[in-house]
Amino acid sequence: MSPELKEDTYIYAVGNRATTVNKTGEWRFLTPEKTGRISPCRSDCLLDGEVPRWLEAVKKEQWAEAWEIMKNYNPFPALTGHVCFHPCTENCNRGQLDREIDIPAVEKAIGEWRLENYKKPKTPKEVKARVAVVGSGPAGLSCAFYLAEAGYRVTVIERSELPGGMLALGIPEYRLPRRILRQELAILKDLGIEFKTGCSVGEDVSLADLDREFERVFLATGAWVSRKADIKGEESGDVYDALDFLGRVNTGQPPKLKDPVIVIGGGNAAVDSVRTALRMNGINHVSLVYRRSRAEMPAFPPEVEAAENEGVEMIFNALPREIETDAQAVKAVVFDYSKTNRDGLVVDSSRTFKKGCGTVIMALGQKQDLSILEEAEQPFSLFAGGDLVTGPATVTEAIKAGRVAAEGIRAQLEGLPVPALSLGEEEPVKFEELNLAARFDLQLLDRQPEPEDEADRCLGCGTCNSCGICYLFCPDLAVNLSDGNYEINLDFCKGCGICATECPARALAMEGGL
Amino acid sequence: MNIEELNRQTEMMYSGHSACPGCAAALTVRFMTRALGPNLTVVITASCWSIIAAVPPLSTLKNPILHCPFPSAGAVGGGLRRGLNKKGHHDTTLAVLAGDGGTFDIGLQALSGAAQRNEDYIFVCYDNEAYMNTGVQTSSATPIGARTSTAPYPMFKEGQKKDIMKIMAAHKVPYAATATVAYPDDMHRKFKKAKEIKGFRFFHILSPCPPGWGTESSDTIYLSRLAVTSGFFPLYEIEDGVRWNMNMPLQDKRTPLKDYLGAQKRFARMEKERIEALQQEVDLDWECLLENVRKTEKGKPQHKTE
Amino acid sequence: MPFELISGTQAAAIAAQRVGVDLVAAYPITPQTAVVETLANFAARGELDGDFVSVESEYSALATCNGASAAGARVFTATASHGLAYMHEMIHWCGGARFPIVMANVNRAIGAPWVLDPDQGDSLSQRDTGWMQIYCSGAQEVLDTVIQAFSLSEELLLPCMVVFDGFYISHTYEPVDVPEKSRVRQFIGPPTFQPQVKPGQTSNLHGLTTGDNQQLLVKKRHEDMLKAPELFKSINERFAQFFGRRYETVFSEIPAGAKTVIMAAGSTAETVRWHLPELAGAGMLQLRMFRPFPAERIRRIIEDHGIERVIVVDRNCSPGMGGIFAQELKNAVYEMDRPPAVHDMILAGGIDLTVAKLKDALRAWPENERAGEKWGVELE
């Protein structure tokens, strides 16, 4: 490496050329690489969404990029932002510092951006096969979206006049603004998805018909069969089924309820019902009565809390024995004490009480209607997903089922790899593993009002979120910064490992070799 | 300053230099040259940076560098400053870069003379606590108990590390500060502050050295952080030799010194009594520092240098 | 033109002030202290253009000059003996770095033990450092040489030492023609040599260099220094026009028929010249420029006059070898067809050169002895 000095040019030693001619990357025997470890939010996400990545995109105000990342796992963030119960926030590592990231808020922001900035794709995709989707709930809509994006001609068959399934008929307006569903549906239609409403498979058209007309069929009819209590008085006109009640409210034909109202059940439908009933004119008192304890309620706890804060009376460990009526009008409900023990539900009829009311809403849970499958004369391949397969679950899980089904259909028809059903058993990055000491600029902050600022609080947890610490601490300036993204410069990286040790998100690890 | 703002600073250093992987001295000068701006000239005396600066016709820094012999840093800086002024370059910042040898030992005389004369430049000592460039020999900046190539096991460095900051305070220099690489925002702020002050300014920067300290190259920042949180290397400033500002008030939340020592092979097989003695010294110095800070907060003696 | 009664040290200081230096950084040491004090007085009266810095050691004095010179400033310092030895590393450095620094060195013996007498060993032991060296024999010469040294040094980009004896010259007051500052400024304008440190321009100055490249640099230094005698001549032509005085690298006064010359440098040369008529037809050579050694000039003088013997006055001794001027002379005359005999009169320790000693030296050596040394204490 002996540089040349020309005679008579130099009279003393001086240098002015950059040392970048020395590719010190050749010193390396370990190389920093992105670990791709999983964050708690992603691990808990029912959609397997890459949460830290789209949070980072929002932080950088790269909304289009954020949508692209979101879309891979969640086509309807504006929807899910409202209705998903967001298990991702429970184990958010930031929660052990100051406050967990308000992931729903950022998700909603991406969703709204998506709705506002949707543009029909210019070049129509080459049309592949035709696929039928039965049921226009979240599972069906999700599957339709992914297939349409991939170039399939999709027809969604819905027995109701209104597409959306639970989104349209089960979830109240205060939980999911109608406008969002309307906009999402408009986009789906604009993408070329055909909607056949008022058409019931089994009645108006058979599965066999569908099998003949379409390349593949995806069944996503959900779980709409309401359980009955089978008690005296249940046939009264003032006794409503929860789903039916909510559906009528959502379609603008709310029944006339008589105050006070008792809702029986402990699931989300029950809570939706109490909160919807309370919002109706002339209803002043609403009670929710559940046969088990509060802790055992399957409903989403924040919803239960919200209901309580709104003034809903909560009664636990009470099982309805009989509805007292007077000339077909409901007067009261008689309850027995009930509780769960080792053997199941035990009822103590000696401890009873009567509660007066004008309306009873039964929210005892739903079942799937599997009769649709009995029709099959000859075996043919079917895809099915959502509540139809799992029993009553969540919108979010249904959306994932739709995506997996779409990928499965594509795998069969295009020879693509079979989709993974889950991300695997990898341990998410724990709070103790994070190197927060490196973030000398870290401040304890509360929830930030702007989504970009809130997204900025994300710690990454296994995913690079472009904090810049690797660039800052590299003694060899061997990290390139372009467009807000940081990449290791392998020409000069000596493999010292400072970046991997200091990375606050634990997104880098030293791997053997060049 | 936050990380993003720090990363937007103009870089004055090139990749491709020959510092060891994980070298804090390289990082220190990177931070220094960013903070002091493009109109900066650097004097470098015999130290690791004599080599890191590269072999002509190459140069690791965009700024002009004047190399000088080992004992001369303090004086050459004074001469260069005056020469630059004579040529009208009053706005050019001048930094003199020396290791612990060129500051604490062979360079102490010139440093003292320059400090006493209040020569107008920024003297930056990057302290890796031994003569690292020549192979880890003992210096008066080596902490007690450390093994070096001239105090190999079972020997160890006897005698305490010189308190160079107190020496500078005794010279009543306008500004003296400690800093280290794990706190880049603190270092940046101090360099920017020093740039605006006239007269002799002094920086004592702890610079962990993986080969010399017997540590992993990846642990440089971690060690530098631990040195501060254990109280071994507190972050503080002294103005005019009499006003002491603490930059990291840790109070009683200091981490145990043995964690810091245990991470470095140069302190391996250190006897328990010696660790305790060192912990006591660190505690004493810490108390002394707090006392000076308290006195400053109360009365603020106001003498100024001319 | 007024004559002033000044000492050698004052002459050196005045010359620096007249030339207009940007910086003086110095440390006092006997017998040089008056240089520093005179310059301080100029500074106090506001008559010194540049900074006057009282540094804390000679090493720092030269280091400060080094730094300022790197920025393109004209600098001056002075020292002696131990001080010169102390700055030895820096002297090498300035030579290699090609800084045009002018330094006055007042000869004084280096211990141990403590000695104040003017042994020339201090400046001579720096002869390999790449500095030019000019030895003066009186205060006027000191003043004139310091002025010329700046010219010489800034042209060749090599530092220059102006050397004169302690006490004999430093502390002796002589009548000296002291030129006006404006006149000197006309003779030598402001410094125009390129600064090495140019703010804003990347330059890794004097960084680690390989042996191969160092060879090229040393060769250049050597070749550049060999240009000094020619340059010195043209500077003196000009000097003569301005000030009516001129100097040569070697001054010779050789009566016709002389076969022996006495070569001396410093105040001893003056002694020899004054007493030449009493010295039995011998001639004298005053060695002024010592680095580069004016070998060619000396050979010509010896050949032109048919000199057969040179007695060298060496107020120095390199233990294990002998007088240094004698050694250098032998080296210079080696290539001659008929080199003269070289007899070394060693006055190491700085002892006085008396006429008696000179006469005794002329008698002392046998006719056919080619070389030999006699110590001052052995002579009358």
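Where is the place of A:Asp48 in chain A? A:Asp48 sits in the loop between helix 1 (40-44) and helix 2 (51-59) of chain A; helices here are DSSP runs of H or I with at least four residues, strands are E runs of at least two, and both are numbered from the N terminus. Before going on, keep in mind that this is a predicted model, where local features need pLDDT of at least 70 and side-chain atom pairs count only at pLDDT 80 or more, while totals for chains, interfaces and linings use all residues. Residues are numbered from 1 along each chain as its sequence is written, and chains are lettered from A and ligands numbered from 1 in the order in which they are written.

A:Asp48 counts as buried because it has 20 C-beta neighbours inside 10 Å; the cut-offs are 20 or more other C-beta atoms within 10 Å for buried, 12 or fewer for exposed, and partly exposed in between, with C-beta atoms placed from the backbone. Leaving out residues up to four places away in sequence, A:Asp48 touches A:Arg42, A:Tyr73, A:Lys400 and A:Leu423, where a contact puts two such C-beta atoms within 7 Å.

Now look at where chain A meets chain B. Here 36 residues of chain B are in contact with 39 residues of chain A. On the chain B side, helix 1 (3-7), helix 2 (24-36), strand 2 (58-59), helix 8 (184-195) and helix 10 (220-229) each give two or more residues. That side divides into 18 nonpolar, 11 polar and 7 charged residues; Ala, Val, Leu, Ile, Met, Phe, Trp, Tyr, Cys and Pro count as nonpolar, Asp, Glu, Lys and Arg as charged, and the others, Gly among them, as polar. Strand 2 of chain B also runs parallel to strand 2 (residues 17-18) of chain A, joined by 2 bridges, and pairing takes at least two DSSP bridges. In that pair, A:Arg17 stands opposite B:Leu58.

Staying in chain B, find helix 6 (residues 108-116), whose buried residues are B:Ala110, B:Leu111, B:Gly113, B:Ala114 and B:Ala115. They pack against helix 4 (73-86), helix 5 (101-104), strand 5 (122-127) and helix 7 (164-170) of chain B, together with helix 3 (58-70) of chain C. After helix 6 comes B:Asn118, with a positive phi near 55°.

That brings us to chain C, which has 14 helices and 16 strands. Buried residues make up 56% of its 380 residues. Of the contacts in chain C with a separation of 6 or more, 78% are between residues 24 or more positions apart.
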